[in-house]
Amino acid sequence: MQIETKTTQVQKLYRIQGMHCASCAVLINTILQKQKGVQSVNASFGAEKLSIAFDPSIIPEEKILSLGKSLGYTFLSEESKTEEEFKKERESHIRDLRNRTIVSFLLASPIIGYYMAVHMLNLQHVHGIMVGSLFVDLNWIYLAMTIPVQFWVGWIFYRNAWTAFKVGSTSMDTLVVLGTSAAFFYSLIGFLFATTYGHLQTIWIGLDHPFWESSAALMSFLIMGRYLEAVSRGKVSDAVSKLLQLTPEKAILLDKDNEKEVLASELKKDDIFIVKPGSKIPTDGIIIKGESALDEKIVTGESMPVNKKVNDVVIGGTVNSYGLLHCKATKVGNETLIYQIVRMVREAQATRAPLQRVADWISERFVPTVIVLSLISFNYWYFVRGDGFTPSLLFMVATLIISCPCALGLATPIATMVGTTKGAESGILIKGGEALEKAHKITAVAFDKTGTLTKGEPAVTNIVSLKGTTNEDLLKLAAIAERGSEHPLAQAVVKKAKEQKLEVVEPENFKTISGMGVTAESNKKTIMVGNQLFMEKEGINIDEVKDEVTRLRKEAKTVVFVVYDKKVIGCLALADTLKEHAIAAIQALKKRKKEIIMITGDNEETAQAIGKQLGIDRVYANVLPDKKEEIIESIKKDGKIVAMVGDGINDSPALAKSDLGIAVGSGTDVAIETGEIILIRDDLRDVVTAIDLSQKTIFKIWQNFFWAFGYNVIAIPIAAGLHLIITRHSGLPATWVTSLGSILALIPAIGHEVSSVWLSLSQSALRPEIAGFAMAFSSVSVVLNSLLLRLYKKPKFIDS
Amino acid sequence: MNKYLGLLLFAIALLSSGFIYQTYYRPSGVGGIKSTGKVAIINMRVIKNHWKWDPSIIKIAAGTKIVLSIYNEDTYDHGFAIDVFGINRRLFPQTTTTINFTPSLSGKFNFYCSVPCGDGHYDQIGTLIVGEEKDTSALVPNKNFACNATNKLVKDGGEIIANRN
């Protein structure tokens with residue numbers, strides 16, 4: 001697809017192949033932005049799309065493609081590959097991650113289990129076993145098991161870290177690579193040089209405490225997290241292909257009075273086609289014969305069926321209710337409204353700004369800090385204090401190893417897993433961690449009206465009966481007359497009568513007066529039900545109900561008059577009604593200080609009436625589908641972080657454009673595919689629950705980061721040997737340390753022990769087995785803390 | 001500026017200023033003491049199931065090279081670590097492990113077991129006292145444990161075998 005905005009500028013959308021991390025998008029953006037002739041670039045990691053505006057006379061398309069190639073990415077134009085192929089690619093990517101996860105856990109779990117037990121329970125270390133008379137050092141086995149985890153499974157992190165390096169940023173991958181590599185090589189060198197072989201010991205002594213579990217555990221949990229994320233993200237991109245299935249496959253072509261069934265895609269401009277009652281319009285066109293009411297809510301969001309007659313426009317994908325229509329095709333293929341929506345969804349997905357993940361936000365600052373601290377520690381111990389090279393280097397390496405937050409790999413996935421499971425139990429599907437992170441930042445919630453806040457179908461809301469008639473009689477008579485009609489309003493009347501268990505008998509002499517109403521006979525008397533036009537035509541005096549009618553119309557209700565035996569006996573008001581818990585949900589959101597916005601394709605009066613009823617802050621009415629997206633955009637520009645709640649196809653560009661799309665499960669497939677949070681039940685209170693649950697989950701993630709990093713923050717200065725500056729004084733324990741030691745010794749029974757442990761620990765650098773204990777402890781606390789989220793309770797609602 | 005470039009420049013600046021400080025400004029007396037060429041051979045054992053070093057206190061003149069042979073009497077691993085000299089070695093069960101190092105700083109330093117080994121692990125601490133060069137060196141055996149005549153370590157314990165020059 002190609003839109004000429006200026007004569008020289010071309011806007012193009014590509015699929016990007018080969019992206020593996022958020023830094024990739026940054027890299028593509030940075031490099032392409034620098035090119036002359038490129039006006040704007042937006043690569044999105046989540047959608048794997050690139051939207052670019054460039055001047056082909058300055059920079060030809062081939063140049064852009066080859067630039068992408070040189071960075072290691074392939075830009076594919078939308079048409080060059082079928083959806084099927086993309087799906088296959090995604091699936092193989094997910095399979096690859098799954099395999100890595102399985103292998104990683106198989107290899108790592110014995111190591112993790114062993115070291116966890118030893119460190120947490122202070123068990124005796126078993127470093128080797130005797131096989132017959134042969135001594136087998138278990139480190140060989142651990143080494144063999146760790147290598148694939150560190151390099152094959154971890155290859156993904158190395159690759160991502162390299163990309164991050166190229167763009168000059170330090171992502172979480174950088175931190176992982178730095179920490180696990182330090183731990184792995186420390187273990188490897190320590191084991192090979194300091195223990196096993198005598199002649200190697202002359203080169204290097206002094207570090208023999210393997211940290212195999214450190215890299216094994218971190219890699220395993222991280223890869224599991226990536227796998228789960230890929231699974232949940234894989235589902236997002238199927239949306240668009242579903243959209244195109246909205247238009248019917250077949251159309252009835254009228255060729256010189258001959259009806260012929262053809263494929264809808266074969267329709268050409270100016271072809272005449274026939275639409276039978278109850279079927280979908282195959283393409284955009286204009287009515288040349290017949291009239292009917294069309295249900296257009298799927299595209300425009302208008303709740304009431306729209307009466308259409310000759311020369312009115314019909315939209316492909318909408319539903320014809322009762323009349324037989326002859327239409328002339330005005331737009332086909334890529335020009336149709338539906339196709340335009342498809343294009344908008346695609347573009348919105350491609351330009352959606354990625355959210356910086358909590359972990360990356362921390363890593364961005366944490367990594368340089370750690371590197372600086374490790375350098376300072378080496379400098380201090382070697383140059384200032386004059387320690388030997390080996391111990392000084394060890395202080396530096398220890399700082400790097402300690403910086404590797406093992407529990408980091410657990411912090412996000414575990415909390416996300418518990419949070420999303422909890423959500424699923426309450427009927428809320430959350431597609432991955434990013435949706436969670438965005439949900440908790442939301443400051444405004446935009447709702448679609450029809451089908452989201454309201455039921456999306458007309459219902460009888462008021463019954464006004466004149467003296468001498470009861471409400472039941474009025475409804476019963478109206479229902480008898482309407483029984484034979486297919487019109488949605490008529491069906492609403494019949495439904496209401498049935499709800500009230502009224503007996504609706506078969507009428508006689510039933511007649512439909514198109515665009516006006518119906519007449520029928522019952523008990524030899526005529527019943528007429530219809531609009532004002534009908535009453536005027538029949539010369540029926542409606543003055544008696546005039547005041548009521550004016551009032552009802554102000555409430556944006558549709559009024560039909562009921563005439564029995566040539567006399568008005570009352571009227572019925574019909575309107576789209578609110579969903580059951582809409583008010584409670586809106587109130588709860590307002591209590592959470594969210595701005596409530598309503599965007600609808602419906603008319604101003606209806607929109608205002610609903611808006612008033614719900615207490616909505618901002619109402620946008622008469623919004624065409626393509627404008628919904630623009631409104632979301634402008635709300636975002638106001639600095640709001642906006643969630644869009646919708647159900648229809650017309651909402652999907654807005655769902656994609658918003659910071660967080662929430663699809664109501666009763667809605668269309670497309671909306672469901674586009675949304676990042678899906679409410680399975682048709683209950684708007686779940687919007688509140690979803691936001692609330694996300695907030696709780698994100699809070700948990702932050703808590704987990706506290707447990708994961710809190711340990712690092714305490715341990716890093718100790719690993720760097722900072723404490724020794726205050727606990728040792730010219731080679732001897734500082735006076736305050738010894739005095740505290742003697743005070744501790746006064747504690748009954750355990751005093752002596754405590755004192756000697758204190759004296760020992762305060763005089764040495766961070767002991768590796770204590771570091772191991774702390775790492776294990778922080779992982780356990782992260783898991784336990786996440787499991788506490790299982791106790792989550794839904795927020796309470798005040799139902800009015 | 002690129003973060004990595006910044007870090008690299010920082011590292012270069014830091015290390016070079018450290019080097020300049022060490023070479024021109026560091027007060028004399030700080031830093032490593034040069035090897036005197038003397039060698040002290042010390043035998044040590046880890047007392048079976050007691051998580052104790054024997055001897056638990058070693059006195060040595062700074063600059064004297066220590067050849068430390070430790071026999072681990074237990075059936076499980078221990079470790080010997082003095083972090084200030086960058087030493088952290090595994091002691092295999094019922095094996096003698098030899099560690100060579102030259103204490104280059106004077107002061108009182110702990111040596112401890114660096115391998116989780118059960119109940120008494122955190123109590124398994126000894127002290128290395130590195131004195132001025134003129135100090136006479138001494139070993140203090142662990143008095144709480146009776147000497148076992150058959151144990152080679154006990155025979156040698158408490159003495160400096162040689163002052164090779």
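Two strands are taken to pair if DSSP finds at least two bridges between them. Helices (H or I, at least four residues) and strands (E, at least two) are DSSP runs, numbered from the N terminus. The model is predicted: local features need pLDDT of at least 70, side-chain atom pairs count only at pLDDT 80 or more, and totals for chains, interfaces and linings use all residues. Residues are numbered from 1 along each chain as its sequence is written, and chains are lettered from A and ligands numbered from 1 in the order in which they are written.

In chain A, strand 11 (residues 284-289) and strand 16 (residues 325-331) run antiparallel and are joined by five bridges. Here A:Asp284 stands opposite A:Lys331 of strand 16. An open sheet of six strands in chain A has the order 9-8-10-16-11-14, with antiparallel pairing. Strand 9 and strand 14 (313-314) of chain A stand at the edges with a single partner strand each, so one side of each is left without a neighbour in the sheet.

Strand 8 (residues 250-255) of chain A pairs with strand 9 of chain A in the antiparallel sense, over six bridges. A:Ile252 stands opposite A:Glu261 in strand 9. The hairpin of these strands has two residues between them, and A:Lys256 takes a positive phi near 50°. A residue is buried if 20 or more other C-beta atoms lie within 10 Å of its own, exposed if 12 or fewer, and partly exposed in between; C-beta atoms are placed from the backbone. Of the six residues of strand 9 (residues 258-263) of chain A, the number buried is zero, so this strand lies largely in the open.

A nonpolar core is a set of buried Ala, Val, Leu, Ile, Met, Phe, Trp, Tyr and Cys residues joined through C-beta atoms within 7 Å. The largest such core holds 155 residues; among those that touch the most other members are A:Ile401, A:Val445 and A:Ile662. Helix 25 (residues 685-719) of chain A gives the largest share of this core, 15 residues. A second, separate core has 37 residues, including A:Val529 and A:Ile569. Contact between two residues requires C-beta atoms, placed from the backbone, within 7 Å. Leaving aside residues up to four places away in sequence, A:Ile401 touches A:Gly179, A:Ala182, A:Ala183, A:Tyr186, A:Phe211 and A:Ser214.

Axes are lines fitted to C-alpha atoms, for helices over the stretch in contact, and angles run from 0 to 180 degrees between N-to-C directions. The axes of helix 12 (residues 389-403) and helix 25 of chain A come within 8 Å and cross at roughly 170°. These two helices of chain A are therefore roughly antiparallel (angles over 145 degrees; under 35 count as roughly parallel, 65 to 115 as roughly perpendicular and the rest as oblique). From helix 12, A:Ala398, A:Thr399, A:Ile402 and A:Ser403 meet A:Asn712, A:Ala715, A:Ile716 and A:Ala719 of helix 25.

Between the chains, the contact takes 41 residues from chain B and 47 residues from chain A. Helix 1 (3-25), strand 6 (87-91) and strand 8 (107-112) of chain B each give two or more residues to the side that touches chain A. The largest share of that side, eleven residues, comes from helix 1 of chain B.

B:Lys48 lies in the loop between strand 1 (39-47) and strand 2 (52-54) of chain B. B:Lys48 is partly exposed, with 13 other C-beta atoms within 10 Å. B:Lys48 and B:Asp74 are 26 residues apart in sequence and 4.9 Å apart in space, C-alpha to C-alpha.
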